[in-house]
Amino acid sequence: MRLSYLPPLMVYVAAGVSGLTGIVGVFFVKDYLGLSAAFLAALGFWVGIPWVLKMPLGHLVDLIWRHKAGLVYLGAGMIAASLLIMAALIGDRAAMAAIMPVEAWYVLSALLAPVGYVLQDVVADAMTVEAVPRIDERGQPVDPASRKQMNTTVQTLGRVAIIGGSVLVALINVYLFRGVETLSEPAKVAIYRNVYLAALVIPAISVAGVVLASLIARHHVGRLRARGFSTTDARSMLAGDREPTTPNWAILGGGAVFVAFTLGLGLLNVPFDQEIIFAGSMAIVIFLMRRLLSALDPPARRTLIGTAVVIFAFRATPSPGPGVTWWMIDELGFDQQFLSVLSVFASGVTLAGLFLCRRFVAERPIDQVVVVLTIAGAILGLPLLGMFYGLHQWTAAVTGGVVDARTIAMIDTALESPLMQIAMIPMLAWIANSAPATLKATYFAVMASFTNLALSLGQLGTKYLNQIFTVTREVRDAAGVVVPADYSQLGWLMLTAGAIGLALPLAAVFFARRQRLGVA
C-alpha cells in the first residue's frame, strides 16, 4: 500500500471508530429516555439529512481545493462537541436537565455529529483522488490503466478502513463491558461516560490524517525539486492538469436553498415536514445531477444514471427499527458485552467479505451484484424472524442447547454483514476513474447526496412501519412502569420490512434493464 493512501484512510477510520458509542447509545436511550421507536426512526431521518449537504460541500471543496483541510478541523470540533454533550448528559444529568430537557440535549448531540462527519467525509472523498499518483518517482505520467486499478484499490481500502475502525471499537467495547452483568447501575453509568470521553480520539484521528497529507505533499515536492524541477512545476505536476474550478452557482444556490428550506420547515414544525423536505431535497438533487450529467458523454451519462437508480433502490429499503434490538435485549437476554462481540464478528466478516468479493464486484455489473445481494439479504433475514416465533427454542432443544439464540445471531450476522458495503464499491470506483478531473469532489458529493437520500427514504419507511406496527419497550420513572413492553407486532414488522427489502431493489434492476440504462 502506498503511503499517499494513508491520509484519506485515516479520515475514513475515524468514521469507523465513531461506532465506539453505538452500544452505549442504544442502552442509554432504552433505559433512560422515554423516546418511542417511531420518534427514533424520525430522528434517524433528520440525522441523515446533513449527508445530503455533501452536494454543495463537495463543490465547495473543488473551489477551495488547497484549503479544504479547514473543513476537517470544523467537523472535528462539531464531533467533539457532540461527544462532550453526551458525556455530560450521562455524568451529570441533573445539571444538564436544569438548562434544557434531557431529550433536547440528546437530539442536539445526535444532529451535531453527522454534520461533523459529513464535513470530514466530503474532504476524505476528495483526498482519495489526490492519493492516487499522477506521476511516478521520476516525474513521468502514470498510465491510465494503472491509475484505474489504483482508484479501485483506494475505494476498496476506504471501505476497509471504515470497517476496520468498527472492528477496533467493537473489540474495545468487548473489553469495557466484560462482566457487565455483575456491575451495579452506577458502575455501568461510569463506563458509559468513559466511552464517550474515550471517543474524543475520533476527531483527533481525522485531524492527524490531514496533517499527514500536508507532510506527504511537501515530501513529494521536495523530491521533485531535487530532480531539478521548480516548486511551482513540482506542485503542478503532482496536481495534474487541474484548471481552476469555476463556481457552479446552480449547485451553490441549490445547496443554500436546501439548507434554508430544511431549517425553515424543521423549526416551524410544519405537518409532514419530513416528507416535504425529502421531496424538495430530491427535486434539488435531481436538478443538480442533470446539470452535472451534461459534462459527460451519452454512454457515461446513461451508465451513471442506471447505477444511481439501482443503488438508490438498494439503500432505500426500510428496516424494522430499534424495536428489534430492544427485543433482543429484553427477550433474548443479549447484554452489552454480547452485542459488542456480535459487532466484532460482523465487522470482521464484512472486512473479509470485501476482500473475498472484490473480484466478483470488479468483474460483474452492479445490477447483477445488487440482485445477488438483495436475494441473499432476504434469505439471511429469515433466522431473526424465525427466532421471534421460537426457532431458537426448537434448535436449542434439538441440539442440547448448542444452537441457541446467540449462536443463530452470530451465524446470521456473519453472513449478512458485508452486503451493504460491497454494493457501494463499483459506483465509487467509477466516479474516481471517469468523472471530470476538475469536478471529482463534486461528483462524489452529488452522487453521495443522491444515495444518502435513499437512506432518508428508508428512515421514513421505517417510521411508517413503526406507526403501523407499534413496538414498545418498558419505560420506568420513580413512580413505576410508565410504558409496558409490547413486542407482539414485531413479527409482522420484520416480515413487512423484509418483503419491501426484497421487492424494491429487484424492481429497480428490472426498470434499469427495461430502459436500457447502463450500469457500472
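Residues are numbered from 1 along each chain as its sequence is written, and side-chain values use heavy atoms, without hydrogens and water. In this predicted model local features need pLDDT of at least 70 and side-chain atom pairs count only at pLDDT 80 or more, whereas totals for chains, interfaces and linings use all residues.

Student: How many helices and strands does the secondary structure of the protein come to?
Tutor: Helices (H or I, at least four residues) and strands (E, at least two) are taken as DSSP runs, numbered from the N terminus. Counted in that way, the secondary structure comes to 24 helices and two strands.

Student: In helix α9, which residues are buried, and where do they lie around the axis?
Tutor: Buried means under 20% relative accessible area, exposed means over 50%, and partly exposed lies in between (1.4 Å probe, protein chains only). By that cut-off Lys188, Ile191, Tyr192, Val195 and Tyr196 are buried in α9. Seen down the axis of α9, these buried residues fall within an arc of 135° (taken from the directions from the helix axis to the C-beta atoms), so they line one face of the helix.

Student: Is helix α3 mostly covered or mostly uncovered, and how many of its residues are buried?
Tutor: Helix α3 runs over residues 37-48, and its buried residues include Leu40, Leu43 and Phe45. The helix is mostly covered, and its count of buried residues is nine of 12.

Student: Which side chains meet in a salt bridge?
Tutor: A salt bridge is a side-chain nitrogen of Lys or Arg within 4 Å of a carboxyl oxygen of Asp or Glu, and the structure holds one. The pair links distant parts of the chain, 188 residues apart, with one partner in helix α13 (residues 273-293) and the other in helix α23 (residues 440-468). Lys463 counts as buried, at 10% relative accessibility. With a distance of 3.3 Å, N to O, the side chains that meet are those of Glu275 and Lys463.

Key:
The expected span of a helix is 1.5 Å times one less than its number of residues.
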